[in-house]
Amino acid sequence: MTGKDHDVLVIGSGAAGLTAALTLAEHCRVLVLAKGALNSGSTAWAQGGIAAVLDAGDTFADHIRDTMVAGAGLNRRETVEFVIERAPEAIARLVELGVPFNTEGPDFHLTREGGHSHRRIVHVNDATGWAVQAALLKAAEENPNITLLANRTCIDLVTGRHEQRYSGSGRVWGAYALNEETGRVETHTARATVLASGGAGRCYLFSTAPRGATGDGIAMAWRAGARVSNMEMMQFHPTCLYNLEVKNFLITEAVRGEGGHLLHPVTGHRFMEDYDERLELAPRDIVARANDDQIKRYGLDYVHLDISHQPPEFVREHFPTIHEKLLGLGIDMTQGPIPVVPAQHYTCGGIRIDLEGRTDLPGLYAAGECTDSGLHGANRLASNSLLECFVFGEAAAESILASFDSFDEPPMIRPWDESRVTDSDEEVVIKQNWTEIRRFMWNYVGIVRTTKRLERAAHRIALLGQEIEDYYGSFRVTTDLIELRNLHCCAQLIVQSALRRHESRGLHYTLDYPGTDIEARDTVLVP
């Protein structure tokens, strides 16, 4: 398949990728590649909703301030203004696509979440992401200018180095991708490429991210020569269900927003009053650290989140998905507490982009969780993530359309070379390395950090790097091997970034530098 068939390549089929594809498809032929199923990304998992100023008493200034406060001043103000001022339009477009947001009479029903000074979260019960994903996917499937290909695992970006004539230009011409159904590597070329590949949550042992969140886009962009920034800003959600059978089931922030209390599971003490005057409505980083502190201090497996003091019909009406899921596990949230632990939840750093979604590399754009747009700063405010996907998905698409006539046709690209590799006989090596990375990242680069722990992690990463490269050079690629290589790259970027930040700010909390510098500075890594 060549760029003759498609003008633009979009990598990722979540909110950012499909928003970009739908905007581009008005004038271009678009190819969308998804790793796994078309709806297997993070978008479908988003329970909470989308933050937007829609209430009479609310203002853009308030939403901007709340975002900057949560982000501990590391946000880029122009980005925050850019996104928040476009939020109501983004919601209007989703309504046009048929997303059935909850309403109260003629208005949207708005919920409130931690860190917000107003009710401003539009939602579809407690399964907003699923409804958004379904609406975007339906529109993309019905669009004759969009081709959707599932089960394609991207390996690396195609750049000038892969041209038959060879060029060191750094210009991006598409990507090499493994077709999981055939086992062959395909070359997909295009005049412009949009990375919308999600975050790197699977670097951690406990994560609410889907199985495929292995930082592929971040690692591919880094290897191709793009800068990344603020990778140490890894958000941990305070309340993930503690259940050994069910991994990564999130208990939405809105349970606390609607009156849920965090309790010590033995004494019943409401411990948030010991940490912050905002109690359970403090920003996520504070609540996650409090939960982590309780668990470590008292040797607990989990803490309790309890909303059973609210009327049962209120709980069932607000949280139907969670209520039903928990009932199936023998927990009735209308009658008693839910056992919860903190878990990795969101990658706030990533590929550096400008307000048009442009990366450092010509021809490469990015949107959504794989980027550092400057919106989230040192900590993402609840329900700003889907919003970022819609605004930057569209911004990247509009930037491509505006410049499209000046883009060259892709040159002849060398096909993927498998002449010197064989099928692997040692899959256990991948599993072992994957488990090792996730475990030491959780223990050494988690919610509370120290320089010594970070140095230990850096040492382990260096040792594993050689092993993974040797393996990668000897065997045919599989999705597991591609993901391991990318996880390792992202773990390295996270640790390097964390070692460079000699302060505690937002999500980066280190016992060796507990103070916060007067000036907020980005941690920028250059390949």
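Leaving aside its neighbours within four places in sequence, with which residues is D285 in contact? D285 is in contact with N379, G506 and L507, where contact means heavy atoms within 4.5 Å.

The model is predicted, so local features need pLDDT of at least 70 and side-chain atom pairs count only at pLDDT 80 or more, whereas totals for chains, interfaces and linings use all residues. Residues are numbered from 1 along each chain as its sequence is written, and side-chain values use heavy atoms, with hydrogens and water left out.

- D285 belongs to helix α8 (residues 284–298); helices (H or I, at least four residues) and strands (E, at least two) are DSSP runs numbered from the N terminus.
- D285 has a relative accessible area of 10% and is therefore buried, a class defined as under 20% relative accessible area, with exposed over 50% and partly exposed in between (1.4 Å probe, protein chains only).
- P238 lies 47 residues from D285 in sequence, yet their C-alpha atoms are 7.7 Å apart in space.
- H323, located in helix α10 (residues 320–328), is likewise buried, with a relative accessible area of 10%.
- When residues up to four places away in sequence are not counted, H323 touches R316, D332, M333 and T334.

**Aromatic rings and charges over rings**

- The model contains 10 aromatic pairs, counted for rings of Phe, Tyr and Trp (its six-membered ring) whose centres lie within 6.5 Å; planes under 30 degrees apart are stacked, over 60 edge-to-face and the rest tilted.
- One of these is the edge-to-face pair of Y204 and F236, with 5.4 Å from centre to centre and 85° between the planes.
- This pair links distant parts of the chain, 32 residues apart: Y204 is in the loop between β12 (192–195) and α6 (216–224), and F236 is in strand β14 (residues 234–241).
- Both Y204 and F236 are buried, and together with F206 and W442 they form one aromatic cluster.
- The charged end of K325 sits over the ring of F249, 5.4 Å from its centre; this requires NZ of Lys or CZ of Arg within 6 Å of the ring centre and within 35 degrees of the ring normal.
- R380 places its charged end over the ring of Y346, 4.2 Å from the ring centre.

**Helix packing on α11**

- Helix α3 (residues 77–85) packs with helix α11 (residues 385–403) at an angle of about 95°, their axes 9 Å apart; axes are lines fitted to C-alpha atoms, for helices over the stretch in contact, and angles run from 0 to 180 degrees between N-to-C directions.
- α3 is therefore roughly perpendicular to α11, the class for 65 to 115 degrees; under 35 is roughly parallel, over 145 roughly antiparallel and the rest oblique.
- T79, F82 and V83 of α3 make this contact with L387, V391, F392 and A395 of α11.
- Helix α4 (residues 87–96) and α11 cross at roughly 90°, with axes that come within 10 Å, which means that α4 is roughly perpendicular to α11.
- On the α4 side A87, A90, R93 and L94 take part, meeting L387, F390 and E394 in α11.

**Helix α6**

- Eight of the nine residues of α6 are buried, among them D216, M220 and W222.
- G225, which follows α6, has a positive phi near 115°.
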